[in-house]
Amino acid sequence: MRRVLSPLPLAVLCAVAALVALLVYGVAQSEPDRDIDDALARGEREPAPALTLPQLEGGGRGGLADYRGQVVVLNFWASWCKPCREESPLLEKWQKRTAAGGGTVLGVDALDVTGDALDFIGEYGLSYPMLKDRDGEAMASYGVAQLPETFVIDRRGRIAAIRRGPVDEAFMRAEVAPLLEGS
Amino acid sequence: MRRAIAALAALLALGAPAGAFAADCPRTSLGDIEDEVMCPVCGTPLELATEAPQAQRERAYIEELIADCRSKDEIKTALVGQFGDSVLALPGDEGDDDLGDVLVYAIPALALLMAAGGLALAALRWRGAREAGGAAEVEGATDAATAAERPSGAASARLEADIERYEL
């Protein structure tokens with residue numbers, strides 16, 4: 001039988017194939033998870049991924065379980081993120097409204113220096129609870145690829161809406177207000 | 001004389017705290033650290049992340065710690081406190097992934113060895129093929145020359161006749 005390839009080219013081919021496979025794997029791993037978006041596009045509400053993180057200030061831990069039965073506006077942000085500055089006053093305004101309607105805004109400060117985050121909170125007078133996602137693991141579980149991103153979670157702990165980018169008044173009225181009224 | 005001694009003593013007393021401070025303050029620099037830590041948002045070593053806002057804040061934080069006389073190890077520990085273990089860029093720094101740390105060094109070394117071996121093998125094969133080709137070429141050329149030198153039957157007869165004709 002005629003030999004198709006000698007061992008050397010075969011070894012080179014295998015090495016190149018392995019490198020390409022490694023590259024594809026790396027690219028696939030770096031892609032954000034978009035399962036939640038897909039479910040919303042189908043008109044379904046996925047259960048919000050479990051979230052338990054250290055409190056940004058004062059020690060202890062907190063998470064979504066602390067707000068079971070409430071509407072939660074889960075906002076991922078960082079002090080170095082410019083669009084986060086734009087939406088913070090709006091989120092604070094809606095914190096008052098959600099608190100009155102049986103809910104809360106829950107901030108997750110991600111990949112940030114705690115001192116900077118506390119300065120930011122002081123600057124904008126943010127009163128809603130804050131958690132710290134120091135290494136971005138919680139971000140990854142929600143498929144967050146850029147900051148800010150906001151997830152509206154209904155009273156049954158399901159994700160009802162997503163804003164991948166800064167929220168605005170129209171989004172809050174359209175996605176948060178109906179959930180508060182439905183209590 | 002006493003005045004001079006007093007002035008000297010005062011100078012020494014003033015200089016001593018500064019000297020002690022310099023000795024206590026570990027010497028490290030941003031450049032020494034930023035190639036050993038990551039920009040967590042960018043996914044690259046901090047030194048390569050020039051424009052990212054998060055990288056700029058991380059640099060500012062490191063510079064604050066340097067100004068606060070923290071050692072390199074203390075600064076790395078502080079960064080881990082802020083960003084988690086994944087902020088450390090050097091294998092082995094994290095201390096909780098022994099196999100991964102070994103593989104990070106072993107795989108490139110193995111790849112280099114394989115590449116060098118492959119090149120050596122290819123060079124040997126190329127050289128062998130060239131030598132074999134050269135020998136065949138020389139052999140072929142010799143045969144052709146011998147054949148060219150050997151006259152055909154008719155030519156040989158004509159040559160013999162010519163020689164006889166001109167023989168003195």
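# Notebook: sheet, helices and chain contact

For my own reference, strands (E, at least two residues) and helices (H or I, at least four) are DSSP runs numbered from the N terminus, and two strands pair if DSSP finds at least two bridges between them. In this pairing A:Val152 stands opposite A:Ala161 of strand 7. The hairpin has five residues between the strands, and I noted that A:Gly157 there takes a positive phi near 75°.

Before going on I wrote down that this is a predicted model, in which local features need pLDDT of at least 70 and side-chain atom pairs count only at pLDDT 80 or more, while totals for chains, interfaces and linings use all residues. Residues are numbered from 1 along each chain as its sequence is written, and chains are lettered from A and ligands numbered from 1 in the order in which they are written.

**The whole sheet**

I then looked up the sheet of chain A, and found five strands in the order 5-4-3-6-7, forming an open sheet with mixed pairing. Its edge strands are strand 5 (130-133) and strand 7 (159-164) of chain A, each of which pairs on one side only. From one strand to the next the twist averages 20°; angles here run from 0 to 180 degrees between N-to-C directions, and axes are lines fitted to C-alpha atoms, for helices over the stretch in contact. I reminded myself that strands of a sheet pair through backbone hydrogen bonds, either parallel or antiparallel.

Strand 3 (residues 71-77) and strand 4 (residues 103-110) of chain A run parallel and are joined by seven bridges, with A:Leu106 of strand 4 as the bridge partner of A:Leu74. Strand 4 and strand 5 of chain A also pair in the parallel sense, over four bridges, and here A:Asp133 of strand 5 is the bridge partner of A:Ala110.

Which way do the residues of strand 5 of chain A point? A:Met130 and A:Lys132 point one way and A:Leu131 and A:Asp133 the other, and all are buried, where buried means that 20 or more other C-beta atoms, placed from the backbone, lie within 10 Å of the residue's own. In a regular strand the side chains alternate between the two faces of the sheet.

**Helices of chain A**

Next I followed helix 3 (residues 82-100) of chain A, which lies across strand 3 and strand 4 of chain A and runs at about 150° to strand 4. The axes of helix 3 and helix 6 (residues 169-181) of chain A come within 12 Å and cross at roughly 15°, and these two helices are therefore roughly parallel to each other, a description that applies to angles under 35 degrees. The contact is made by A:Leu90, A:Trp94 and A:Thr98 of helix 3 and by A:Glu169, A:Met172, A:Val176 and A:Leu180 of helix 6, two residues being in contact if their C-beta atoms, placed from the backbone, lie within 7 Å.

I also looked up A:Ala138, which lies in helix 5 (residues 137-141) of chain A. A:Ala138 counts as buried because it has 22 C-beta neighbours inside 10 Å. Leaving aside neighbours within four places in sequence, A:Ala138 is in contact with A:Leu51, A:Leu53, A:Val108 and A:Asp133. The C-alpha atoms of A:Ala138 and A:Pro49 are separated by 8.7 Å, although these residues are 89 apart along the chain.

**The two chains**

Finally I turned to each chain as a whole. Chain A has six helices and seven strands, and of its 183 residues 34% count as buried. Chain B has six helices and two strands, its elements running α-α-β-β-α-α-α-α from the N terminus on, and of its 168 residues 13% count as buried. Among contacts with a separation of 6 or more, residues 24 or more positions apart account for 72% in chain A and for 46% in chain B.

Where do the chains touch? I found 14 residues of chain A in contact with 14 residues of chain B. On the side of chain A that touches chain B, helix 1 (7-30) and helix 4 (114-124) of chain A are the elements that give two or more residues, and helix 1 of chain A gives the largest share, four residues.

Conventions: Angles under 35 degrees count as roughly parallel, over 145 as roughly antiparallel, 65 to 115 as roughly perpendicular and the rest as oblique. A residue is buried if 20 or more other C-beta atoms lie within 10 Å of its own, exposed if 12 or fewer, and partly exposed in between; C-beta atoms are placed from the backbone.
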